[in-house]
Amino acid sequence: MRTAITDMIGCEYPIVAFSHCRDVVAAVTHAGGFGVLGVAGRLPEELDVELRWLDEHTGGRGYGVDALIPRKVEQVGASGGHVPEEHRRFVADLLARYDVPELPADEAERVRASAGRADAMVARASELWDVISEHPVTMFVSALGPPPADLVEKAHAKGVVVGGLAGAVQHAERQKAAGVDLVVAQGSEAGGHCGEIATMVLVPDVVDAMDGTPVLAAGGIATGRQMAAALSLGAAGVWTGSVWLTTQEAETHPVVKEKMLAASASDTVRSRSSTGKHARQLVSAWTREWEDPANPDPLGMPHHSELIAEAKARIGRGAHVRGSGSEQLVNYFVGQVVGRMRSVRPARRVLEEIVAEYADTVARIERINAG
Ligand SMILES: Cc1cc2nc3c(=O)[nH]c(=O)nc-3n(C[C@H](O)[C@H](O)[C@H](O)COP(=O)(O)O)c2cc1C
């Protein structure tokens with residue numbers, strides 16, 4: 001296949017796979033798609049280790065990196081002073097009600113230390129690019145808002161394609177003004193942070209506003225029919241996330257993987273309960289508790305993450321026990337396509353099935369047109 005994107009980033013199919021798991025990125029890249037590693041939350045030295053591994057496992061094919069590099073360095077403060085007592089009490093009470101076990105002392109220490117790491121991560125954000133630029137990364141994507149101007153300049157000087165996510169036409173226009181080479185138009189069906197506009201409505205609006213800058217459609221795409229629809233809307237390719245979470249290679253929590261395999265399209269919710277910003281995720285006792293009007297509202301970002309970091313670690317650990325409160329609470333980000341994720345398959349198979357169904361769909365439409 002050939003679109004503006006396949007030429008730009010050098011892949012066989014215009015199918016981009018976003019994943020936090022390097023094995024998924026490598027498998028998709030090998031199969032002819034384009035893998036992008038999500039690296040939000042990693043320190044520069046950790047990122048270097050991940051990218052070294054990818055260099056060795058992508059056979060010289062390019063891959064992408066999706067990072068959070070703030071426009072201005074702002075200390076988030078891990079002192080806990082921003083977290084109201086009412087919220088602390090609610091989280092402690094929730095963990096007690098669901099009988100969530102404590103963490104072993106060394107793990108609790110590690111989780112607390114990583115809360116303190118938030119400051120270091122923000123302060124060292126500019127070093128991330130220095131690490132990325134030492135690897136054969138062919139696309140850099142800015143995870144939250146337009147990338148800083150100096151970074152776009154440095155990326156372009158190295159021939160790296162720059163992309164940006166947008167959940168509304170105005171966001172896409174801001175990305176374009178910042179100098180990105182492509183825009184990912186991500187609809188509300190998507191897993192993770194998302195806006196309110198559905199992919200079907202968003203993509204053609206962004207394509208028209210971008211006036212030639214290529215657009216990847218994201219949100220609700222897991223099959224060849226959905227890919228055909230995205231290209232019909234004017235997208236030059238698709239950007240997918242959720243569908244890889246139940247692949248063999250994905251390091252998704254095993255209990256969450258099981259929940260995903262059993263879930264339908266109605267079992268996700270756009271909720272602020274996991275980061276403080278609206279993010280689509282599996283419905284669980286966790287999202288229901290935070291939605292209950294009797295309980296406090298989630299805090300903003302990043303204070304909410306600070307509030308719940310230890311709770312999430314405790315829940316993840318306890319969820320392995322069948323019938324436990326932790327099992328009821330555990331959840332993760334996933335989009336409405338979760339209803340299509342029915343079995344654990346290798347990432348290569350998932351990609352091949354998307355491509356095969358896409359070809360069938362195009363043939364079916366051609367037959368319709370032939371009358
Ligand atoms: C588990 C998960 C984590 C995500 N984390 C990020 C992230 O760190 N940065 C980012 O740009 N997008 C992130 N996203 C959004 C994806 O990049 C992508 O836009 C979205 O998954 C596409 O919709 P889909 O889930 O319906 O395939 C995440 C999505 C999921 C499912």
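Reader: Which domains does the domain assignment of the protein chain give?

Author: Keep in mind that this is a predicted model. The assignment gives domain 1, made of 4-74 + 123-249 + 361-370, and domain 2, made of 85-121 + 253-329.

Reader: How do you know that domain 1 and domain 2 are in contact?

Author: The cut-off for a contact is heavy atoms within 4.5 Å. On that rule, 21 residues of domain 1 are in contact with 14 residues of domain 2. The C-alpha centres of the two domains lie 27 Å apart.

Reader: What area do domain 1 and domain 2 bury between them?

Author: About 1400 Å², with 55% of it on carbon and sulfur atoms. In domain 1, the residues that lose the most area to domain 2 are Leu43, His193 and Thr246, together 34% of what that side buries.

Reader: What polar links does the rule find across the interface of domain 1 and domain 2?

Author: Seven residue pairs are in polar contact there, both partners being at pLDDT 80 or more. By class, the side of domain 1 that touches domain 2 has seven nonpolar, nine polar and five charged residues. The rule also finds one salt bridge across this interface.

Reader: What makes glutamate 196 and arginine 270 a salt bridge?

Author: Their side chains meet at 4.0 Å, N to O. The rule asks for a side-chain nitrogen of Lys or Arg within 4 Å of a carboxyl oxygen of Asp or Glu, so this pair goes down as a salt bridge.

Reader: How many salt bridges does the count come to by this rule?

Author: The count is 17. One of them joins the side chains of glutamate 50 and arginine 42, at 3.4 Å, N to O. Arg22, Arg42 and Glu50 are linked in a network of salt bridges.

Reader: Why is glutamate 50 called buried?

Author: Buried means under 20% relative accessible area. Glutamate 50 has 13%, so the label is buried.

Reader: What about glutamate 107 and arginine 110: why are they separated by about one helical turn?

Author: Because they are three residues apart in helix 5, residues 105-123. Arginine 110 counts as exposed, since its relative accessibility is 54% and the line for exposed is over 50%.

Reader: Is glutamate 327 buried or exposed, going by its relative accessibility?

Author: At 17%, glutamate 327 counts as buried. Its salt-bridge partner is arginine 322, with the closest N and O atoms 3.1 Å apart. Arginine 322 has a relative accessible area of 53% and is therefore exposed.

Reader: Why does serine 324 count as buried?

Author: Its relative accessibility is 14%, and the cut-off is under 20%. Serine 324 lies in the loop between helix 13 (303-318) and helix 14 (325-329). Not counting residues up to four places away in sequence, serine 324 touches Gly318 and Ala319.

Reader: How do you know that glutamine 175 is buried?

Author: Glutamine 175 comes out at 1% relative accessibility, so it counts as buried. Its place is in helix 8, residues 169-177. Leaving aside neighbours within four places in sequence, its contacts include Gly145, Pro146, Pro147 and Val183. The C-alpha atoms of glutamine 175 and proline 148 are separated by 10 Å, and the two are 27 residues apart along the chain.

Reader: What makes serine 271 and serine 273 a polar contact?

Author: A pair of N or O atoms has to lie within 3.5 Å, with one able to donate a hydrogen and the other to accept it. The side chains of serine 271 and serine 273 make their polar contact at 2.7 Å. Serine 271 is found in strand 10, residues 268-271, and is buried, with a relative accessible area of 5%. Leaving aside neighbours within four places in sequence, serine 271 is in contact with residues including Lys277, His278 and Glu291.

Methods
Residues numbered from 1 in each chain as written. Predicted model: local features only at pLDDT ≥ 70, side-chain atom pairs only at ≥ 80, totals over all residues. Heavy atoms only, no water. Helix = DSSP H or I, 4+ residues; strand = E, 2+ residues; numbered from the N terminus. Buried < 20%, exposed > 50% of the residue type's maximum accessible area, 1.4 Å probe, protein only. Domains from an automatic or database assignment. Buried area = accessible area lost by both parts, 1.4 Å probe. Nonpolar A, V, L, I, M, F, W, Y, C, P; charged D, E, K, R; others polar.
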